[in-house]
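I opened the model to look up how its parts are arranged. The entries below follow the order in which I checked them.

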Number of protein chains: 2
Amino acid sequence: MSNIVFIGTSLDNYIADKQGGLEWLTTLPNPEQDDCGFAAFMDSVDALVMGRNTFETLCGFGGEWPYSKPVFVLSRSLHAIPEPLQDKAQLIQGSPEEVTRQLNDKGFRRLYIDGGQTIQSFLEAGLIDEMIISRLPVLLGGGTPLFGELASPLWFQLVETKLLLGSIVMSHYRR
Amino acid sequence: MSNIVFIGTSLDNYIADKQGGLEWLTTLPNPEQDDCGFAAFMDSVDALVMGRNTFETLCGFGGEWPYSKPVFVLSRSLHAIPEPLQDKAQLIQGSPEEVTRQLNDKGFRRLYIDGGQTIQSFLEAGLIDEMIISRLPVLLGGGTPLFGELASPLWFQLVETKLLLGSIVMSHYRR
């Protein structure tokens, strides 16, 4: 069983710009294309866990829902998943430990943890096993941070690093 | 003429830990060894520019002074360089533009810009031309940040990325 982060970030570790925008991610060819192994990664996970912010950003994109795996939306404030997405996503509540246990018990063993606050709370709980971080060559200078405060340092092992599209450094870390 | 950053950082972009310590940098074999090209890099620069904090940290290490190139210490509060280092370092004042102009006028054309606050003020002034960043596989969760707020995004080009010592990702960026 493992919890994994797969995310694109700026050199200064922002995952959205000051206006919450993601356009800078598409300024370069999309890092979430096959050449970065995203399809293979998605195939390897059993479910996604994300916060309300990430879920609402995804809803705002319009178009086709991007995920074929079950999505669990961690939220205390959201009361229901919008009708058209009720077969794609469901609400979940609890601490990172409780959420991980609930989902593992249901047979979802490999969880894709997404969104800044969600990732931060799972890191703080020591519940991130792998991180695949794709770093674009830009300093955004502000925005939504990928990482937050931690009580104590967390060391990882580098599994692999590779260059994507001539400009993105994708590094795979494991606890 | 160019201003260059060469620095080791954590995955969450801290250059010193919460206590100001650098021990985490030496937990792994020292990234400032020849295999990371630091000696060749030092040969290529004409002078160093650093803030008071970085200078005082270096002074605190004791032992031999690590740099053969002239060091300029950016400080308004420091009144004099300690006696034993007066042939190694000198004080300088002014904005990043003024400091760059002063030093370029004296024939120091390739400047190694060091220290968090100094790097941030030069980035904000658009006066960093290259960054060579060596990222260790650790989340420190707090400390001295490498990057700060910027009025607008700064895009770089990736020149090269390589793996050092099996665990450090060293990436070279150019504006």
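This is a predicted model: local features need pLDDT of at least 70, side-chain atom pairs count only at pLDDT 80 or more; totals for chains, interfaces and linings use all residues.

**Entry 1: the two copies.** I superposed the chains to begin with: a rotation of 180° with 0.0 Å of shift along its axis brings chain A onto chain B, with RMSD 0.0 Å. The two copies are thus related as by a two-fold rotation axis.

Residues are numbered from 1 along each chain as its sequence is written, and chains are lettered from A and ligands numbered from 1 in the order in which they are written.

**Entry 2: the interface.** I looked up the contacts between the chains and found 28 residues of chain A in contact with 28 residues of chain B; contact here is C-beta atoms, placed from the backbone, within 7 Å. On chain A, at least two residues each of the side that touches chain B come from strands S8 (138-139), S10 (154-155), S11 (157-164) and S12 (168-174). S11(A) gives the largest share, four residues. Strands (E, at least two residues) and helices (H or I, at least four) are DSSP runs numbered from the N terminus.

By residue type, the side of chain A that touches chain B has 17 nonpolar, nine polar and two charged residues. I counted Ala, Val, Leu, Ile, Met, Phe, Trp, Tyr, Cys and Pro as nonpolar, Asp, Glu, Lys and Arg as charged, and the others, Gly among them, as polar. Of the interface residues of chain A, 100% are also interface residues in chain B, so the copies meet through the same surface.

I then checked pairing across the chains. S8(A) pairs with strand S10 (residues 154-155) of chain B in the antiparallel sense, over two bridges; two strands pair if DSSP finds at least two bridges between them. Val138(A) is opposite Trp155(B) of S10(B).

**Entry 3: Glu149(B).** I placed Glu149(B) in the loop between strand S9 (144-145) and S10 of chain B. Is Glu149(B) buried or exposed? Glu149(B) counts as exposed, because it has 11 C-beta neighbours inside 10 Å. The scale is 20 or more other C-beta atoms within 10 Å for buried, 12 or fewer for exposed, and partly exposed in between, with C-beta atoms placed from the backbone. Apart from neighbours within four places in sequence, Glu149(B) is in contact with Gly141(A) and Gly142(A). From Glu149(B) to Glu124(B), 25 residues apart in sequence, I have 8.0 Å, C-alpha to C-alpha.

**Entry 4: the sheet of chain B.** I traced an open sheet of eight strands with mixed pairing, in the order S5-S4-S3-S6-S1-S7-S12-S11 (chain B). Its edge strands, each pairing on one side only, are S5 (89-92) and S11 (157-164) of chain B. The twist from one strand to the next averages 20°.

S11(B) and strand S12 (residues 168-174) of chain B run antiparallel, joined by seven bridges. Leu164(B) is opposite Ile168(B) in S12(B), and Leu158(B) is opposite Tyr173(B) in S12(B). Their hairpin has three residues between the strands, and Leu165(B) takes a positive phi near 55° there.

**Entry 5: helix H3 of chain B.** I found helix H3 (residues 52-60) of chain B packed on the sheet, touching strands S3 (47-51), S4 (71-74), S5 and S6 (110-114) of chain B. The direction of H3 makes about 105° with that of S3(B); axes are lines fitted to C-alpha atoms, for helices over the stretch in contact, and angles run from 0 to 180 degrees between N-to-C directions.

Glu56(B) is in helix H3 of chain B. Glu56(B) is partly exposed, because 14 other C-beta atoms lie within 10 Å. The C-alpha atoms of Glu56(B) and Pro137(B), 81 residues apart along the chain, are separated by 27 Å.

**Entry 6: chain A and the core.** In chain A, S7 (residues 130-135) and S12(A) pair antiparallel over six bridges. The bridge partner of Ser134(A) in S12(A) is Met170(A).

Last, I looked up the largest nonpolar core, which has 88 residues. Such a core is a set of buried Ala, Val, Leu, Ile, Met, Phe, Trp, Tyr and Cys residues joined through C-beta atoms within 7 Å. Val49(A), Ile113(A), Val49(B) and Ile113(B) have the most contacts inside it. Not counting residues up to four places away in sequence, Val49(A) touches Phe72(A), Leu74(A), Val99(A), Leu111(A), Ile113(A) and Thr118(A).

How values were computed. Two residues are in contact if their C-beta atoms, placed from the backbone, lie within 7 Å. Copies are superposed by least squares on the C-alpha atoms of residues with pLDDT of at least 70 in both.
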